[in-house]
Protein chains: 2
Amino acid sequence: MVSMKDIARECGVSVAAVSKALSGQPDISEATRDKIRKAAENMGYQPNSAAKVLRTHRSNNIGVLFFDEAGNGLTNEFFALLLDRFKSVADSKGYDITFINRGLSSGSVGKMNYLAHARYRAFDGVLIACMDFHDPEVIELAKSDIPLVTIDYSFEDRMSVVSDNVSGIRDLVLHCAKLGHRKIAYIHDNNESSVTRDRVRSFLETMDSLGLQVPEEYMPVAEYRKTENSRKATEKLLRLKDRPTCILYPDDFSTLGGIAAIKAAGLEIPGDISIVGYDGIRVGRHLTPTLTTLRQPTELIGETAAKKLISLIENPSETKIEKVVVKGRIYEGGSVVKLS
Amino acid sequence: MVSMKDIARECGVSVAAVSKALSGQPDISEATRDKIRKAAENMGYQPNSAAKVLRTHRSNNIGVLFFDEAGNGLTNEFFALLLDRFKSVADSKGYDITFINRGLSSGSVGKMNYLAHARYRAFDGVLIACMDFHDPEVIELAKSDIPLVTIDYSFEDRMSVVSDNVSGIRDLVLHCAKLGHRKIAYIHDNNESSVTRDRVRSFLETMDSLGLQVPEEYMPVAEYRKTENSRKATEKLLRLKDRPTCILYPDDFSTLGGIAAIKAAGLEIPGDISIVGYDGIRVGRHLTPTLTTLRQPTELIGETAAKKLISLIENPSETKIEKVVVKGRIYEGGSVVKLS
DNA sequence: TAACTTTACTTAATCCATTAAGTAGTTGTA
DNA sequence: TACAACTACTTAATGGATTAAGTAAAGTTA
């Protein structure tokens, strides 16, 4: 590997001069700079990040921590889209992305926790997009001095990008109500996250504001993205004497379980029963009828998170810590029928 | 940050002794080792990867290069599953994963290419899972001395894990033929990859071996995972005077476009026409009827790739360079009808 | 012309961990 | 007892880049 030392020798200058020439500092003559740059190119010089990081404590590397409730993060389309966008913004600003995990062992200290991992790799910043924000290790990371942005959860005095779940659920309920539905069920996860809390609260408040009753049986539980559970929850709803006319699901993927249950019961969507998803991932667009859902601005969330994080890294003093709320928009598919 | 120097001072030993104690070398007494380890723990010592990499040229970091034909890699479920599995194996063996890209600029040299990036970050190995293996930069990387594994493509003298597309398509065609289908169409991508070539060849050969004709119109083109194109291709097939009874799609996702076209034409699956996917991703399992497809052993591919790559990194001399062929298995859903 | 600036560098320290080579002190052996 | 062989360390060099501080030479100013 060609190092600055080699270029310095070749050009008859000091290593410091090479460093300055390549990093474009003014403290060097144009002639020398050109000579050095040409030599660097000719000799196939490649900078060495390890040396740079060691010296500057800047890695141009962002750690990404995620895993959803099911342990599968990458296969979660919502997150995959978000990360994809985050990655391309980071990319364009000269940052790499490395996954944070606990696999690395640090000699005697045993496995590293998230914070240790982040320090070990000298991440300039961290993106956290996982559901379990109560994990002590996640909290430890959030309390550190590393610039970070969280998705769909806000720590105090920390940057976050959250989608507006309150308005999201409200819009969906209002949409269904406008089409004449009064018996609306909501299959929901019951985990501890603020996402879930906001949604459930919004559902109850909106229904209440419309003067609509929500019997307890109308709110069965099913974890996010678990089609098996959403199928069961749907079956339960279908067995009720006073069946809902419209079912809200925790996410688009879960509707697949619901659809299976509904078809198995010999019912038609939306003729016999209407369904609504949440997220706006691709699957829903290809169902027949297409799925009415709340389309999350995934790309916007990913992009905003990246920009905010990088701003936090590069201009910590001028960057206002804030909770950026991003609104989704209802997509009116064909899965909700108009009741007369 | 606590460094070895601090521990050395605290324990009244040299930095070398600390290094040896923490890395478990024999050249140190048990008493001293314990003392140093305890001090390290108490003082909250964290190793510094940059220093380690600089000195040892080992990063415990694997670069992953991917982007599918559409530019979206993460949102490709096949790849997401593969990477997820790859990641957890790498993780368990103490390796991190960083995406390779071209965003980083290397001072005067401009944007870095893939190889430059890999060298810059001192990746111990690289996983390549992208469709365009003709990209000069990819070829440059493949010709370098960095340990690497490719997915679904084989470079000469390089490790690769490929799924058996020949047997995959053959099995699907034989399955359909066994159910009585004689007019089988194959909507396929026409890119340059060996995956595509193998599949097309296998389709033609298998059909030929069965004595079945394949009119040119039975092989319309649609890029992988482009539902819009698969919809159009399906429409074309449906308009034919002598319509096929069964359509093979390039992948499961593409069947969504096909299903839309078929439903729009007022036809039933599989009553009026049978369809077959490829990949075995989740969507297909939730369709009604469930999709008959070739289920790829995604996890096995990811796991194998990780194990082979790490073996290549850690035991280069004892690791045989090979092309690991992984066979998928047909999943018999309900989307292919039995013809009498 | 003397004194001061500026320019264009060089010197040397530094970031942190690893490791070959060196050295006391102890134990073993003939 | 004398020399060899260990053991348990220390010394010092090293990896590659950055940067504060120093310096010689050229340019500027009174």
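In which loop of chain B is the place of B:D152? In this predicted model, B:D152 sits in the loop that runs between β4 (148-151) and β5 (159-163) of chain B. Its phi is near 60°, a positive value in a residue other than glycine. Most residues other than glycine have a negative phi. B:D152 is buried, because 23 other C-beta atoms lie within 10 Å and the cut-off for a buried residue is 20 or more.

B:N60 also has a positive phi without being glycine, with a value near 55°. The residue belongs to the loop between α4 and β1 (61-65) of chain B. B:N60 counts as buried because 22 C-beta neighbours lie inside 10 Å.

## Cis peptide bonds in chain A

Most peptide bonds are trans. The bond that joins A:I269 and A:P270 is cis, and its omega is about 0°. A:P270 is placed in the loop between α11 (252-264) and β8 (274-276) of chain A.

A cis bond also leads from A:T288 to A:P289, where omega is near -5°. The loop that holds A:P289 lies between α12 (282-285) and β9 (293-295) of chain A.

## Relation of the two chains

How is chain B laid on chain A? A turn of 180° with a shift of 0.1 Å along the axis does this, with an RMSD of 0.1 Å. The relation is that of a two-fold axis. Both copies use the same surface, as 98% of the contact residues of chain B recur in chain A.

The contact is made of 50 residues from chain B and 49 residues from chain A. On the side of chain B that touches chain A, the elements giving two or more residues are α3 (30-43), α4, α5 (77-92), β2 (96-99), α6 (114-120) and α11 (252-264) of chain B. The largest share is that of α5(B), with eight residues. Sorted by class, this side of chain B has 22 nonpolar, 18 polar and ten charged residues.

B:T288 is located in the loop between α12 (282-285) and β9 (293-295) of chain B. Is B:T288 buried or partly exposed? B:T288 counts as partly exposed, because it has 16 C-beta neighbours inside 10 Å.

Apart from neighbours within four places in sequence, B:T288 is in contact with A:A260 and A:K263. Within its own chain, B:T288 is 46 residues from B:G334 in sequence, and the two are 7.9 Å apart in space, C-alpha to C-alpha.

The surface near DNA strand C divides into twelve nonpolar, eight polar and five charged residues.

## Core

The largest nonpolar core has 164 residues, and those touching the most other members are A:V126, A:L127, B:V126 and B:L127. For B:V126, the contacts beyond four places in sequence are B:I62, B:G63, B:L65, B:I100, B:A118, B:L141, B:I146 and B:L148.

## Domains of chain A

The domain assignment divides chain A into domain 1 (4-47), domain 2 (61-163 + 299-327) and domain 3 (165-296). Taken over C-alpha atoms, the centres of domain 1 and domain 3 of chain A are separated by 63 Å.

A:K307 is part of helix α13 (residues 298-314) of chain A. This lysine is partly exposed, because 17 other C-beta atoms lie within 10 Å. A:K307 and A:N229 are 78 residues apart in sequence, and their C-alpha atoms are 37 Å apart in space.

Conventions. Residues numbered from 1 in each chain as written. Chains lettered and ligands numbered in written order. Predicted model: local features only at pLDDT ≥ 70, side-chain atom pairs only at ≥ 80, totals over all residues. Core = buried A, V, L, I, M, F, W, Y, C linked by C-beta atoms within 7 Å. Buried ≥ 20, exposed ≤ 12 C-beta atoms within 10 Å, placed from the backbone. Contact = placed C-beta atoms within 7 Å. Domains from an automatic or database assignment. Nonpolar A, V, L, I, M, F, W, Y, C, P; charged D, E, K, R; others polar. Helix = DSSP H or I, 4+ residues; strand = E, 2+ residues; numbered from the N terminus. Least-squares fit on C-alpha atoms with pLDDT ≥ 70 in both.
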